[in-house]
Amino acid sequence: MSTKRPAMNGCLQATRRISEAQEHDLPLWQRLTLRLHLAICTDCRNFQKNSEALRRIMQHYAEHDDAGFLADSPETPQDGRPE
Ligand SMILES: [Zn+2]
């Protein structure tokens with residue numbers, strides 16, 4: 001059986017490396033094989049795009065996670081002075 005689609009196993013490895021690459025730098029050969037896979041695999045390119053976007057969102061929350069955000073309640077008291 002011959003197919004031009006990249007093997008599932010390759011995708012599994014590629015997605016794992018994409019995640020790893022966000023945590024730390026990959027060894028050169030891993031970066032090269034990942035890049036090769038991304039060149040032929042649209043699914044993994046999409047995965048990479050999505051996980052980078054997701055990471056940016058998570059980072060944004062991590063950086064802006066102050067108490068004010070959590071303390072924000074729908075019933076905010078105004079001055080505490082009733083009319
Ligand atoms: Zn793939």
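Start by selecting the zinc ion: its protein donors are Cys11 (SG), His37 (NE2), Cys41 (SG) and Cys44 (SG), lying 2.0 to 2.4 Å from it. Donors here are N, O and S atoms within 2.8 Å of the metal (3.2 Å for Na, K and Ca), and water is not among the atoms, so sites may look incomplete. What you have open is a predicted model, in which local features need pLDDT of at least 70, side-chain atom pairs count only at pLDDT 80 or more, and totals for chains, interfaces and linings use all residues. Residues are numbered from 1 along each chain as its sequence is written, and side-chain values use heavy atoms, with hydrogens and water left out.

Stay on the zinc ion and look at its geometry. The angles among the four donor atoms are 101 to 114°, and the site is tetrahedral (four donors with all angles between 85 and 135 degrees). Along the sequence, the donor residues follow the spacing C-x25-H-x3-C-x2-C. Now colour His37 and Cys41: both are buried (under 20% relative accessible area; exposed is over 50% and partly exposed in between, with a 1.4 Å probe and protein chains only).

Next, zoom out to the whole chain. You will find four helices and zero strands (DSSP runs, numbered from the N terminus: H or I of at least four residues for helices, E of at least two for strands). Of the 83 residues, 16% count as buried.

Select helix 2 (residues 28–40) and helix 3 (residues 42–63), whose axes come within 6 Å and cross at roughly 115°. The axes are lines fitted to C-alpha atoms, for helices over the stretch in contact, with angles running from 0 to 180 degrees between N-to-C directions. Show side chains for the contact (heavy atoms within 4.5 Å): helix 2 brings His37, Leu38, Ala39 and Ile40, while helix 3 brings Thr42, Cys44, Arg45 and Gln48.

Move to Gly10, in helix 1 (residues 8–23). Gly10 is partly exposed, with a relative accessible area of 24%. Draw a C-alpha to C-alpha distance from Gly10 to His37: they are 27 residues apart in sequence and 7.5 Å apart in space.

For the last stop, pick Gln30 in helix 2. Is Gln30 buried or exposed? At 14% relative accessibility, Gln30 counts as buried. Leaving aside neighbours within four places in sequence, Gln30 is in contact with Arg17 and Glu20.

Terms used:
Tetrahedral: all angles 85-135°; square planar, octahedral: opposite > 155°, others 65-115°.
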